[in-house]
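I opened my notebook today to look up a few things in a protein model.

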Amino acid sequence: MAIPKIISNLVERYRDNQDGYRRDYGETETRRELLDPFFRTLGWDIDNRQGHAEAYKDVVHEDSVKIGVSTKAPDYSFRVGGVRKFFLEAKRPAVKLKDDAEAAYQLRRYAWSAKLPLSVLSNFGEFAAYDTRIRPSQNDKASTARLMYFTFDDFEKHWDDIAAIFSKDAVYKGSFDKYAAGKGKKGTAEVDDAFLNEIDSWREALAKNIAHRNKDLSPAELNYSVQQTIDRVIFLRICEDRGIESYGRLRQLQNGEHTYARLKQLFQDANDRYNSGLFHFRNETGRSAPDGLTLSLKIDDKVLKDILRHLYYPESPYEFSVLPADILGQVYEQFLGKVIRLTAAGHAKVEDKPEVKKAGGVYYTPTYIVEHIVGNTVGRVLEGLDLDRAAKIRVLDPACGSGSFLIGAYQYLLDWHRNWYETNDPEKYARGRAPRVYRGRGNVWQLASAERKRILLNNIFGVDIDPQAVEVTKLSLLLKVLEEESAETIGRNREMFHERALPDLDINIKCGNSLIASDFYAAQLVPPDPEQSRTINPFDWADAFAPVKKDKGFHVVIGNPPYISALAMSKFQGEEVRDYWKSAYLTARGTYDIYVLFLEKALSLARKEGYVSFITPNKFLSAPYGEALRSFLLKKHCLESLIDFTRVPVFKDASVYPVISVIRPSQKFATEVNVFRGETDGTVSSRKQRVKTADLKRFPEDIWGTMLGSGTELCARIYAQCSILEDIAVVQATSTAAEADEYSKYVSESRRSAKSLKLVNTGTIDRYVSLWGIEDLTNKGQHYKRPVLDIRRVKPDRATLYQTKKIIFAKIAKVIECFLDNEGEYASLNTNCVFAPKEGFTLPFLIGVLNSRLMTFVYVNVFAALKMSGGYSQFQAPQLRLLPIAKPTPDQGRAIERLATQLAQLHTDFHAARTPHEQESVRRRIGSAEQQIDGQVNALYGLTEKDVKQILADET
């Protein structure tokens, strides 16, 4: 496309007057007269002429807030839907950007700290775009990480290149993200990983020094002391970059001795200023007990100075004024996965928490998931409310971790209140001694400090078993309260209203075990030891939140509960815990994960007209342990909708396939459940699948996995006319995991004898035939061509099973793969088998049905929640038992038996064929026979032409 006329005119004017621009133009003139029209031409609503609310403006112009000697906030923040996409840092024309390393470093610090992939540095005369995922260093050249550099003379030639990436249309259509992704991430060190490494090193250094210098501390006291010290330093440092605290106060502590004594004075000053539990050192009426520990600690100067040294420009790459709240949350979520332990010699050691290690790590909930859940719960509760009714809304996260859901809910409530005031005579609420709103930066209405605190204390509640998590949640919320504050507003409120800047959150955010009450100890004959009490940490909801109980519960319960099995959890907390859960929870059945219990607890805490919404693994929809929960929901509550993120890698490096459930407590189950699909870009498709509740009730064990597929109605119709496989034959695992491990010792490479059987496993099982002797079998790292198992070494009942006529299944595959062991000549480990069919059914008939397209379609849909990555499924006995089997007429049975026998022979012939021509000939015959058997099976199950098309479409 040709360069727009307005840009060519600007270029011509700049060319004619460039000496004057470089001599006389300041940054403000450059922005208004050159850069504003430049980016307005790229489609950005620079002046908010569309009148969007502050939270959704295209472009935020940052005030020039002095942070250090020469640094300030980024000049422009370009956004989509309120989400930052890139920064533009403006400079006056006299600055030579091509070689100005300081200007480049400044921009890159902003954008790297904000976790943005690209950002722009420009004075109109020069335009430079940077990859801002690469960690900045003060020694970098101006060219480091620079992806694009043009002068104004290049604009005509390269306008398309600029517009294709940085125009509003390009960002909306994904070209910006695609360009960033295409540049890769070579050499990158994202801000959350870098900051986590930073505070991890602080924790280790502080832990070792505090333990060494304060010998009488318990592990709990040591963890508390280290956590509080780090939190307080981070809080004050962020306040400095936001202009709330005097810049450089912490840095000054590097000079001189007695660093901790001077740091404690800053903490005590903060107590007078902020009133938060983060700084609470003296008894005050109506507040919890103060911190009587940390001010008495001894900490060496060197440890503290090493921490403080790396918090400031230019040594520090972090720009705390733009560090997003969710990035801080991600860092702390990982931080909370470790704990400080004391060795027998009294030395401090930082280790992974055992429950975290068992769960495979800590996984932070992405912001887009939080926004989906908050919007579908808090947003809906607030619909149609006035200010007084909104004040009564109570939002809870019962496993709050680093506070991501509570921050999201609080932000939603702040935006809602601000919008309400804007549309309901804001001038009225800006008057008086205690105004609720005021005109802030850019003449935009903002919520007053007291109003932000009131909303937080009225509406936001959280619980976590980990005391460190509780402190992090408080820290995150307190920083959110201060986002609109400055040193001037805090000082004015303190002077006029004798009001400190922050609320005390001890009443709202509490430490305790959401799943265990104090009645846990009622059945114990001896008092618990202190360590068990700390580990279990019982929590009584009615006592902790008495006003909420009086108000009949929470309006919204949201979160991301722990994904860990009850069995694993009981190893850390004691076997009595599982006994307690079994008696206290209806859903504590089978080999359940504790997120199931969190769902039940949440529903008991929520008001009847409220909402419960968690992100959890999808397994509860299909897994046997989810049957109790599914039954519980059907009988007592209303599953209103599901958002299926099964195909989306929500959690980095985690093999978890999640869904978001939105449930209405204590309400009749809806006639339909709305199912939405999560997209890979984090959005949710507007298209929805309506799943009829009546169809769900047709499945055995209340299985709901079909909601994640497209076959609910068809599969429900099939089940309505069939028996299940376990009612017509025996379905059994061929070994336990322990047996498979033991029997592996008795596998050898030899000819079959009366004392041994051929051995197969998943890799040597195909449809209709075994691949024994054709494909190598791998077992315990050993490879075998013709493996056999000595059955004298296995249990008698296993030996009997292996010598039985049976169907043997591959355990992991994309489609059902099974063959008929007609002579009882095969043993198998870690697989499943079917034998002893009842009258009217035969194994040759069953092998034909089970290997059909229809049966794979049913299995994949019904057990969609158990699907693995890459399109694979696990074919295990509990699920195979529930497959629907239609009873054939004698003619139907014989026809399917004949075709199944024919296919077994054809597959054998295919593997025996020696030339490509022979193989191709057999392959064509296999295809013809499979079409015939699929036709017979489809007729047996009464499928229509439309049904068959659906099955074929599902395969693609």
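**Before starting.** I noted that this is a predicted model, where local features need pLDDT of at least 70, side-chain atom pairs count only at pLDDT 80 or more, and totals for chains, interfaces and linings use all residues. Residues are numbered from 1 along each chain as its sequence is written, and side-chain values use heavy atoms, with hydrogens and water left out.

**Aromatic pairs.** I looked up how two rings are compared: the distance of the centres and the angle of the planes describe the pair. Rings of Phe, Tyr and Trp (its six-membered ring) pair if their centres lie within 6.5 Å; planes under 30 degrees apart count as stacked, over 60 as edge-to-face and the rest as tilted. By this rule I have 49 aromatic pairs.

I picked Phe39 and Phe86, a tilted pair with 6.5 Å from centre to centre and 40° between the planes. Phe39 is in helix 2 (residues 27-41) and Phe86 in strand 3 (residues 83-90), so this pair links distant parts of the chain, 47 residues apart. My helices (H or I, at least four residues) and strands (E, at least two) are DSSP runs, numbered from the N terminus.

Next I took Tyr859 and Phe875, which are tilted because their ring centres are 4.5 Å apart and their planes at 40°. Tyr859 sits in helix 34 (residues 853-862) and Phe875 in the loop between strand 32 (873-874) and helix 35 (877-880), so the pair ties together parts 16 residues apart in sequence. Tyr859 counts as buried at 1% relative accessibility, and Phe875 does at 0%.

**Positive phi.** I found Ala145 with phi near 65°, a positive value in a residue other than glycine. Ala145 is in the loop between strand 5 (126-131) and strand 6 (146-151), and is buried because its relative accessible area is 15%. Tyr768, not a glycine either, has a positive phi of about 80°. I placed Tyr768 in the loop between strand 23 (756-760) and strand 24 (777-779); at 4% relative accessibility, Tyr768 counts as buried.

**One more residue.** Where does Glu701 lie? I found Glu701 in the loop between helix 28 (693-696) and helix 29 (712-720). With 31% relative accessibility, Glu701 counts as partly exposed.

**Charge patch.** Glu701 gathers with Glu627, Glu726 and Asp727 in a patch of negative charge on the surface. Patch members have over 30% relative accessible area and no salt bridge, and like charges are joined within 9 Å, nonpolar side chains (Val, Leu, Ile, Met, Phe, Trp, Tyr) within 5 Å. A salt bridge is a side-chain nitrogen of Lys or Arg within 4 Å of a carboxyl oxygen of Asp or Glu.

Methods. Accessible areas come from the Shrake-Rupley method with a 1.4 Å probe; for residues, only the protein chains shown count as cover. Lys and Arg count as positive and Asp and Glu as negative; His and the chain ends are not counted. The place of a charge is taken as NZ of Lys, CZ of Arg, CG of Asp or CD of Glu. Buried means under 20% relative accessible area, exposed over 50%, partly exposed in between (1.4 Å probe, protein chains only).
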